[in-house]
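We'll walk through a few helix contacts and then some charged pairs.

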Amino acid sequence: MNSRFASPETPQSNPLATGDPDTYARIAQAIAFMRQHYRHQPDLATIAQQVHLSPYHFQRLFTRWAGISPKHFLQYLTLEYAKSQIAYTRSLLDLSGNLGLSSPSRLHDLFVTLEAISPGEFKTGGSGLQIDYGIHSSPFGSCLIAKTARGICHLQFWDGAEDREQAERQLHREWVKAEIRYHPQSTQPISEQIFQPLARPTQTWVLAVKGTNFQMQVWRALLAIPSGGLTTYQDLAIAIGQPKAARAVGHALACNPVGYLIPCHRVIRQSGDLGGFRWGLERKTMMLGWEASHRQNTPVGQE
């Protein structure tokens, strides 16, 4: 690895922990198989065979990751379920009338606010800014989290050593004149808290990002989509008052600098097809199913 980006290896974690890289790889492979074959409703033994585990160990691993069994998880991968959630989310947003502010039903979701960096910081590529970043494990694979004194400015996912270096290079390209240092102690608390689906929010996460006025409008609108909810490119364009801009909405999602916290994974096609995703369709499938399963599995009184 280029010495410019050299940093200690990510500490190993419990093999059954949801953020363990091996766990992520097995779960991703299993969900890819389930998504491709959901019409045939594969049984536990068939799915476990795809990831070279016994049915018992696979059931245990998957349930720890998703909160529910593989059999129940399958329902979140169907087109019928996706379409029902599009309609449900549309009705929520119609009732709230405040797209981009607070959702009427955030269901153990995170409190997130979006702030644009100043025009001067945008123009100078972050000159004068200090950015700390770290490499962390998550339920969706390894991720790079970066923050300034004002808030989180970058969160992206990656796979493998080459992708890690590309992720670090991408951070430097986005903030070409900032002072960037590897300092995982600064970003570890973020990693530990944002991927806890049943934890009640204890603080507001501020995202300090740069983007065009249109991109900021789209990203703010996404913050109203509740965890487990789904919307479409067209509905998002309509909601921000630009019904002919569905394609431009898709481009804004592809430019999202803070994955997961700006939930571009919750936008799919009207048909129920997943559409695209900057960090891969398998990861998008995992995020949507993980959120849906934890939302449905939330104990009464914790919504």
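Predicted model: local features only at pLDDT ≥ 70, side-chain atom pairs only at ≥ 80, totals over all residues.

Which residues in H1 meet which residues in H3?

## H1 against H3

From H1, the residues in the contact are Thr23, Arg26, Ile27, Ala30, Ile31 and Met34, and they meet Phe58, Leu61, Phe62 and Trp65 in H3. Sort the residues of this contact by type and you get 8 nonpolar, 1 polar and 1 charged.

How do the two helices sit? H3 covers residues 55-66, and its axis comes within 11 Å of the H1 axis, crossing at roughly 95°. Angles of 65 to 115 degrees count as roughly perpendicular, so that is the label for H1 and H3.

## A closer look at H1

H1 runs over residues 21-36, which makes 16 residues. From its first C-alpha to its last it reaches 23 Å, close to the 22 Å expected at 1.5 Å a residue.

Thr23, Tyr24, Ile27, Ala28, Ala30, Ile31, Ala32, Phe33 and Met34 are buried. Among the H1 residues that meet H3 are Thr23, Ile27, Ala30, Ile31 and Met34, and these five are listed as buried.

## H9 against H11

Now jump down the chain. H9 (residues 213-222) and H11 (residues 246-254) pack with their axes 9 Å apart, at an angle of about 80°. That makes this pair roughly perpendicular, too.

On the H9 side the contact uses Phe214, Gln215, Val218, Trp219 and Leu222; on the H11 side, Ala248, Val249, His251, Ala252 and Leu253. These residues split into 8 nonpolar, 2 polar and no charged. Gln215 deserves a moment: this H9 residue has 12% relative accessibility, so it counts as buried. Leaving aside residues up to four places away in sequence, Gln215 touches His251, Ala252 and Cys255.

How many salt bridges does the structure hold? There are 10, and we'll look at a few of them.

Start inside H7 (residues 160-174), where Glu168 and Arg164 lie 4 residues apart, about one turn of the helix. In an α-helix with 3.6 residues a turn, residues three or four places apart point the same way. The side chains of Glu168 and Arg164 meet in a salt bridge at 3.9 Å, N to O. Are these two buried or exposed? Both Glu168 and Arg164 are buried.

Arg278 and Glu174 meet through their side chains in a salt bridge of 3.8 Å, N to O. Glu174 is in H7, while Arg278 sits in the loop between strand S8 (267-268) and helix H12 (281-296), so the pair links distant parts of the chain, 104 residues apart. Glu174 has 15% relative accessibility and therefore counts as buried, whereas Arg278, at 31%, counts as partly exposed.

One more pair to find: Asp132 and Arg181, whose side chains form a salt bridge of 2.5 Å, N to O. Asp132 belongs to strand S2 (residues 130-138) and Arg181 to strand S5 (residues 179-182), which puts the partners 49 residues apart in the chain.

Asp132 counts as buried because its relative accessibility is 7%, under the 20% cut-off. Arg181 is partly exposed, with a relative accessible area of 35%.

Methods. Residues numbered from 1 in each chain as written. Heavy atoms only, no water. Expected span 1.5 Å × (residues − 1). Buried < 20%, exposed > 50% of the residue type's maximum accessible area, 1.4 Å probe, protein only. Axes fitted to C-alpha atoms, helices over the stretch in contact; angles between N-to-C directions. Parallel < 35°, antiparallel > 145°, perpendicular 65-115°, else oblique. Contact = heavy atoms within 4.5 Å. Nonpolar A, V, L, I, M, F, W, Y, C, P; charged D, E, K, R; others polar. Salt bridge = Lys/Arg side-chain N within 4 Å of Asp/Glu carboxyl O.
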